Amino acid sequence: EAVVYWMRMEDLRTCDNRALSRASAQAQKDGIPLVLIFTVSPQDYVAHDRSPRRIDFTLRNLADIKAQLASLHIPLYVTVHTPRRTIPERVVALLQGWKARHLFANIEYEVDELRRDIKVCELAKPAGIGAHFVHDRCLVDPGIVLTKNGRVYTVYSPFQRNWLDRLNSNLKWIEEEPLPLPNSEDIYFNTTLKALFDVKIPDHVDGFECKDRETMRDVWPTGTEAAKQILARFLHTKARSTQMGPSNPLSEGAESSEKKARALVYKDSRDKADKDTTSRLSPYLAAGVISARECVRQAMKLQGLNKIQATRDTGLGTWLMEIAWRDFYNHVLSAYPRVSMGRPFQEKYANVKWEVNDEHFQAWKEGRTGLPIVDAGMRQVATMGWMHNRLRMITATYLVKDLMIDWRLGEKYFMEILMDGDLASNNGGWQWSASTGTDPQPYFRIFNPYSQSEKADPTGDYIRHFVPELRDLRGPEIHKPPEKVCRKLGYPLPLVKHEEARQRALRRYKNPGEE
Ligand code: FAD
């Protein structure tokens, strides 16, 4: 007999994990062992454009978790399963083989995953297995923050205010979940369960070999302890100017001239890409290696308040508002399944006419557009699997509004290359940039990439770091190198003229379907 917790790609941790805590409590109550499973589903990874980097990150976190749990006599069984349609049958068959009484898992809000879990419930019931799916991903569970008319917010600011009120009146929602308790050593007398300890975590998934695995392992260390240190670094230490990467967030660079810790100056520094000002926690939050609750609890400790202050008045408050964006996009995802299905949130933009230009798309991906800030951002993500938020906005808006290439191609490419690739935030960010989403940038307010460049990289250090061809340029030339300088340095000329491209975008958005 057993109680099973089914771990997923978004909850790769043993501490502060709701479904795991509940599974453990149930196992203790019933006096039977707790068993963990994880299903590797290559077909899902293809369907969801999963990046090999993220798969590798998943496998190494699983290996870390398996080792931790072994000391508690809890097995973690990782199984590769195809086809993805029959995962529910496979999981329920495994549970039956172990005579499991209960299955626990954290809910995944994406459509395919919800359908899969519904099928699991349908199969579990006649098999006499209690299936328990709980909310864990957000600080406030989807379905709770609603407008006066009982609808899910599609505009961030009122959502955030209501979200904050809810959270502050229910601080128990962010209390830490208990750690799983050890199994009795009797588990080793059960030969079926004992055998699970010996099953190795796969080293890779076919078709998802991570080409720069060593670099990624260096830049993004494995495990919850590393994530907690990265959080502490953000909350308590000053930004260093040499941290543009690819470099491990924990390997601090040269002394910094900043006076205060990153978190305290975040309000004013977050949009600067030429310093390492943000937390770089996104890969850990996306994979659930650390919980959003832990981030908020630690931030509250630093604020020294007995309620959460998430307002633009302070650095830390501004950061907590970013964490609220993560909840916002997950709430949107769970309420509007169409965002998981490649459709614009605002249906009126479904027919905007896009350019089909593979040459331009490749140049964008490879950081050869002739626009230094865009090229720097695209090269950053190519080398380290992460890009600064402001740069994500600039590069995405450039692809969509300047090159007039379908935002879905950009969304897919980001998923394939990011270490923090996450459907809700990535889709939200892309639809924001493409002006097709919930609370988007209005289509007629098109970023000027040159002035954005000056704001995001005032020193030019960011561009010089990632676009070494331009490393000798100083002053305004770094943002817009003159034609003859480009020719001399072997740097490409701009693919399009921004003003002409802007006019084309305005025309096409105004009259979707027309040239
Ligand atoms: P910090 O500034 O330290 O913020 C802390 C945390 O808050 C982040 O780790 C993240 O979990 C959350 N957060 C911050 N900004 C946002 C936001 N705008 N939307 C949602 N959550 C946010 N974020 C992802 O996690 N995965 C993605 O796939 C992703 N794709 C994006 C695509 C585009 C086009 C854009 C514009 C944004 C995207 N973002 C995505 C949001 C944001 O860029 C990253 O979360 C952020 O840059 C991560 O860096 P950080 O951890 O240092 O963030």
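The structure is a predicted model, in which local features need pLDDT of at least 70, side-chain atom pairs count only at pLDDT 80 or more, and totals for chains, interfaces and linings use all residues. Residues are numbered from 1 along each chain as its sequence is written.

The chain is divided into domain 1 (1-136), domain 2 (137-176 + 220-335) and domain 3 (347-510). These bounds come from an automatic or database domain assignment. The centres of domain 2 and domain 3, taken over C-alpha atoms, are separated by 25 Å. Across the boundary, 21 residues of domain 2 are in contact with 25 residues of domain 3; two residues are in contact if their C-beta atoms, placed from the backbone, lie within 7 Å. On the side of domain 2 that touches domain 3, helix 11 and helix 13 each supply at least two residues. Helix 13 gives the most to this side, with five residues. Helices (H or I, at least four residues) and strands (E, at least two) are DSSP runs, numbered from the N terminus. By residue type, this side of domain 2 divides into eleven nonpolar, five polar and five charged residues. Here Ala, Val, Leu, Ile, Met, Phe, Trp, Tyr, Cys and Pro count as nonpolar, Asp, Glu, Lys and Arg as charged, and the others, Gly among them, as polar.

The ligand can be considered next. Domain 2 and domain 3 both give residues to the shell around the ligand, so the ligand lies between them. Of the 28 residues around the ligand, Thr-278, Ser-279, Asn-389, Asn-426 and Gly-429 come nearest. A residue is near a molecule or strand if its C-beta atom, placed from the backbone, lies within 6 Å of it. Two or more residues of the shell come from each of helix 11 (282-286), helix 13 (315-335), helix 16 (389-402) and helix 18 (423-433). Helix 18 gives the most, with six residues. The shell divides into eleven nonpolar, ten polar and seven charged residues.

Helix 15 (residues 372-384) has 13 residues and reaches 18 Å from its first C-alpha to its last, close to the 18 Å expected at 1.5 Å a residue. The expected span of a helix is 1.5 Å times one less than its number of residues. Helix 15 is mostly covered, with ten of its 13 residues buried. A residue is buried if 20 or more other C-beta atoms lie within 10 Å of its own, exposed if 12 or fewer, and partly exposed in between, with C-beta atoms placed from the backbone. Among the buried residues of helix 15 are Ile-373, Val-374, Met-378 and Met-384. Their cover includes helix 14 (358-366), helix 16 and helix 17 (407-417). Gly-385, whose phi is positive, near 70°, follows helix 15.

Helix 12 (residues 292-303) has twelve residues, which should span 16 Å at 1.5 Å a residue; its end C-alpha atoms are 16 Å apart, which agrees. Ala-292, Glu-294, Cys-295, Val-296 and Ala-299 are the buried residues of helix 12. They pack against helix 9 (224-236), helix 11 and helix 13. Gly-304 follows helix 12 and has a positive phi, near 65°.

In soluble globular proteins, nonpolar side chains tend to be buried together. In this model the largest nonpolar core has 138 residues, of which Val-4, Tyr-5 and Leu-103 touch the most other members. A nonpolar core is a set of buried Ala, Val, Leu, Ile, Met, Phe, Trp, Tyr and Cys residues joined through C-beta atoms within 7 Å. The largest share of this core, nine residues, comes from helix 13. Not counting residues up to four places away in sequence, Val-4 touches Ala-23, Val-35, Ile-37, Leu-95, Ala-100 and Leu-103.

Some loop residues also deserve attention. The peptide bond from Thr-82 to Pro-83 is cis, with omega near -5°, and Pro-83 is in the loop between strand 3 (76-80) and helix 4 (87-97). Asp-16 has a positive phi of about 50° although it is not a glycine. Asp-16 is found in the loop between strand 1 (2-7) and helix 1 (18-30), and it counts as buried because it has 23 C-beta neighbours inside 10 Å. Asp-49 has a positive phi, near 55°, and is found in the loop between helix 2 (42-47) and helix 3 (52-70). Asp-49 counts as partly exposed, because it has 17 C-beta neighbours inside 10 Å.
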